[in-house]
Amino acid sequence: MHSRHEERLYPPSDLPPRLVDYCVAFSRHAALGYSASAIMHEIGNALTVVSGHTQLMSLKRENLEIKDVLDRLDKMLVQINRIHSAIHRFGSFGARSAGGKQSSSPVTALENALFAMSRRCSLAGVEIERDIEVCDRTVNCDPTLLEFIILEMIALGISEMGSGTMHIATKGDELHWELVIRFIPLVDADAFISSLDFSDMPFNLTATLFALEHIGGELYSVVEDHSAGWRLVLPFNDLV
């Protein structure tokens with residue numbers, strides 16, 4: 001028998017404004033920290049490959065043929081482009097840390113979040129399957145906060161399932177943009193739901209909910225049959 005339970009999550013209502021502001025600032029800088037860590041790892045890997053090629057060319061410099069040199073230079077150029085791509089993904093640290101609303105693509109935020117979480121998912125033994133429907137609308141919000149929200153939703157999914165497969169899908173319609181993150185298997189659906197309804201909310205989840213409120217979105221916990229997950233709803237801007 002098909003069963004579904006969905007519940008909207010709200011941030012605590014009894015926190016002083018200064019603490020709410022701190023939660024939002026924490027969210028922005030946590031997202032930058034995630035991204036910086038992933039990008040440094042990406043750049044380090046690329047530089048290792050470049051270093052390997054240069055060392056081999058140095059060792060074989062007496063017997064190198066021009067074809068081999070050109071081949072290795074091409075491979076190094078691929079890695080240099082990989083570094084440029086990583087730096088471009090991060091963007092301006094100052095602009096991202098300052099925040100502010102701007103027209104941004106939720107799909108781009110999702111891709112950035114997945115990039116930032118890829119190493120953690122790999123270490124946790126989690127395979128991420130993406131089913132992304134490219135959407136031609138944008139959300140008017142702070143994109144760094146949006147990345148943090150998605151990052152934390154994925155992180156909570158990883159901690160709940162330990163290992164397994166996470167399915168991510170985006171859906172667009174006339175009213176809103178939706179991101180659904182599901183993790184399988186679910187050991188105890190009732191325990192999962194009850195764990196989300198408590199007064200002593202973990203700080204990261206509290207920060208996530210305040211960040212989401214700041215950008216005008218909604219977050220729901222969903223348990224359906226033998227899977228659980230999150231449903232993030234954001235308002236659309238006009239068509240691009």
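## Basis of the model

The model is predicted, so local features require pLDDT of at least 70 and side-chain atom pairs pLDDT 80 or more, while totals for chains, interfaces and linings use all residues. Residues are numbered from 1 along each chain as its sequence is written, and side-chain values use heavy atoms, without hydrogens and water.

## Nonpolar surface patch

Phe 203 belongs to helix 7 (residues 203–215); helices (H or I, at least four residues) and strands (E, at least two) are DSSP runs numbered from the N terminus. Together with Leu 19 and Tyr 22, Phe 203 makes a nonpolar surface patch of about 280 Å². Patch residues have over 30% relative accessible area and no salt bridge, with nonpolar side chains (Val, Leu, Ile, Met, Phe, Trp, Tyr) joined within 5 Å and like charges within 9 Å. Accessible areas come from the Shrake-Rupley method with a 1.4 Å probe, and for residues only the protein chains shown count as cover.

## Salt bridges

There are six salt bridges, each defined as a side-chain nitrogen of Lys or Arg within 4 Å of a carboxyl oxygen of Asp or Glu. One of them joins Glu 6 to Arg 231, with the closest N and O atoms 2.4 Å apart. This pair links distant parts of the chain, 225 residues apart: Glu 6 is in strand 1 (residues 4–9) and Arg 231 in strand 8 (residues 227–235). Glu 6 is partly exposed at 30% relative accessible area, whereas Arg 231 is buried at 15%.

Strand 1 also contains Arg 8, which is paired with Glu 218 of strand 7 (residues 218–224), 210 residues apart. Arg 8 is partly exposed at 31%, and Glu 218 is partly exposed at 26%. A further salt bridge, between Arg 28 and Asp 142, has its closest N and O atoms 2.7 Å apart. Arg 28 lies in helix 1 (residues 17–59) and Asp 142 in the loop between strand 4 (139–141) and helix 5, so this pair ties together parts 114 residues apart in sequence. Both Arg 28 and Asp 142 are buried.

## Largest pocket

The largest pocket holds about 200 Å³ of space. On a 1 Å grid over the protein atoms alone, a pocket is an open set of points with protein on both sides within 12 Å along at least five of seven lines, a cavity is a set where a 1.4 Å probe fits but cannot get out, and lining residues have an atom within 4 Å of a point. Grid points are joined across faces, edges and corners, and a volume is the space filled by probe spheres set on the points.

The lining comprises 13 residues, with Arg 96, Gln 102, Ser 104, Pro 143 and Glu 147 nearest the centre. Helix 3 (93–98), strand 2 (102–104), helix 4 (106–123) and helix 5 (143–161) each give two or more residues. Helix 5 provides the largest share, four residues.

## Cavity

The structure holds one cavity of 30 Å³ or more, and the largest cavity has a volume of about 40 Å³. Its lining consists of Ser 35, Ile 39, Arg 89, Phe 90, Arg 96, Asn 112, Phe 115 and Glu 147. Helix 1, helix 2 (66–90) and helix 4 each contribute two or more residues to this lining.

Methods: Buried < 20%, exposed > 50% of the residue type's maximum accessible area, 1.4 Å probe, protein only.
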